[in-house]
Amino acid sequence: MAYVCLLLSGAALLVNGLATLGALPRRDAAVLSLVIGSLQLLLGVTYLGAMCLGVTAAGAAAQESDGGVQLLLSASGMFLFGMTYVYVGLDFLLGLGSRGLGWFCGMVAGCGLLLAAAWFPRDPLLAVLWLCWSYLWMLFFFSLAPGQSRLSPLIGWSLVLGSQATATVPALLGITGHWPGDPAAAGGAATCIAALLLLAAGLARRDCRRDARREGGTDAQRDGGPDGQRDGGPDAQPAAVVVPAELFGTTGR
């Protein structure tokens with residue numbers, strides 16, 4: 001069930017990243033997040049209950065010594081992802097303001113670091129994935145808690161590029177029984193993920209520069225254009241009337 005939850009997370013991260021970049025309506029991403037988060041919470045409860053009921057008297061000692069720890073670590077990851085997606089969906093649909101969501105993401109980012117440390121001796125690849133997920137949660141914290149919308153391009157591209165590398169592909173490897181457990185594979189995955197996150201930062205910087213140029217061009221047109229024509233001058237053209245997009249229902253909410 002943990003791999004199924006991871007596969008669902010790949011879809012949720014991708015759609016939320018596209019919505020953050022403006023390629024999809026945010027309401028669509030919010031509904032999908034709510035559905036996937038609810039499914040993950042249900043799967044987490046089912047997984048935890050099934051594993052606890054499956055503990056036999058003969059294997060109780062072994063389960064408590066090592067298997068019990070892995071059970072709790074896996075269930076913790078399901079619940080953290082599930083609660084995050086449910087909160088993301090409700091935050092947008094109910095208009096909660098996102099600051100509480102930001103602080104929640106900051107707390108989850110800290111938990112992710114602890115889970116990465118706990119998984120490292122048992123599963124180095126999963127530890128690397130938790131480090132990346134903690135980074136994504138931390139981006140949400142720095143963006144939502146203080147209200148820094150300028151981080152949106154970085155968050156969007158990080159989600160789009162990181163979703164498949166940290167969720168979908170590992171989930172498929174686990175489902176097909178090819179989950180790598182050696183440290184070399186974890187090192188290769190860390191290198192690839194770091195490269196993708198650097199690419200996301202470069203794309204976000206490009207988008208910020210493009211938006212700045214557009215805003216500069218809009219200001220120049222509002223002041224009369226590059227020829228120095230100002231409002232009220234002899235050759236000035238009538239000012240364009242900017243109509244809020246909300247009047248036409250095109251904001252994507």
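Figure 1. The structure shown is a predicted model. The side chain of R210 meets that of D207 in a salt bridge, with 3.4 Å from N to O. D207 and R210 are three residues apart in helix α7 (residues 183-222), so about one helical turn separates them. R210 also forms a salt bridge with D211, and here the N to O distance is 3.9 Å. D211 has a relative accessibility of 31% and counts as partly exposed. Salt bridges that share partners join R206, D207, R210 and D211 into one network.

**Figure 2. D207 and R206.** The closest N and O atoms of D207 and R206 are 2.9 Å apart, and the two residues form a salt bridge. Is D207 buried or exposed? D207 is buried, since its relative accessible area is 7% and the limit for a buried residue is under 20%. R206 has a relative accessible area of 42%, which makes R206 partly exposed. The count of salt bridges comes to three.

**Figure 3. A patch of positive charge on the surface.** R205, R209, R213 and R214 gather in this patch. R205 is a residue of helix α7. With 54% relative accessibility, R205 counts as exposed, because exposed means over 50%.

**Figure 4. A nonpolar patch on the surface.** Which residues form the nonpolar patch? They are V31, V35, L39, L90, L93, L94 and L96, and together they have about 580 Å² of accessible area. The elements that give two or more residues to the nonpolar patch are α2 (26-53) and α3 (60-94). V31 belongs to helix α2. The relative accessibility of V31 is 41%, so V31 counts as partly exposed.

**Figure 5. S38 and V86.** S38 is placed in helix α2. With a relative accessible area of 38%, S38 is partly exposed. How many residues apart along the chain are S38 and V86? They are 48 residues apart along the chain, while their C-alpha atoms are separated by 6.4 Å.

Figure 6. Helix α1 covers residues 2-20, which makes 19 residues. From its first C-alpha to its last, α1 reaches 26 Å, close to the 27 Å expected at 1.5 Å a residue. The buried residues of α1 include C5, L6, S9, G10, A12 and L13. Further along α1, V15, N16, G17, A19 and T20 are also buried. G22 follows α1, and the phi of G22 is positive, near 90°.

**Figure 7. S98 in the loop between α3 and α4.** The loop between α3 and α4 holds S98. S98 is a residue other than glycine, and its phi is positive, near 75°. Is S98 buried or exposed? The relative accessible area of S98 is 19%, so S98 is buried, the limit being under 20%.

**Figure 8. Helix α4.** Helix α4 (residues 99-119) has 21 residues, which should span 30 Å at 1.5 Å a residue. Buried residues in α4 include L101, G102, F104, C105, G106 and V108. A109, G112, L115, A116 and W119 are buried in α4 as well.

**Figure 9. The whole protein chain, for orientation.** The protein chain has seven helices and zero strands. Along the sequence, the pattern reads α-α-α-α-α-α-α. The chain has 253 residues, and buried residues make up 37% of them.

Notes. Residues numbered from 1 in each chain as written. Predicted model: local features only at pLDDT ≥ 70, side-chain atom pairs only at ≥ 80, totals over all residues. Heavy atoms only, no water. Helix = DSSP H or I, 4+ residues; strand = E, 2+ residues; numbered from the N terminus. Expected span 1.5 Å × (residues − 1). Buried < 20%, exposed > 50% of the residue type's maximum accessible area, 1.4 Å probe, protein only. Salt bridge = Lys/Arg side-chain N within 4 Å of Asp/Glu carboxyl O. Patch = residues over 30% accessible without salt bridge, like charges linked within 9 Å, V, L, I, M, F, W, Y side chains within 5 Å. Areas by Shrake-Rupley, 256 points an atom, 1.4 Å probe, with all protein chains shown as cover. Lys, Arg positive; Asp, Glu negative; His and termini not counted. Charge placed at Lys NZ, Arg CZ, Asp CG, Glu CD.
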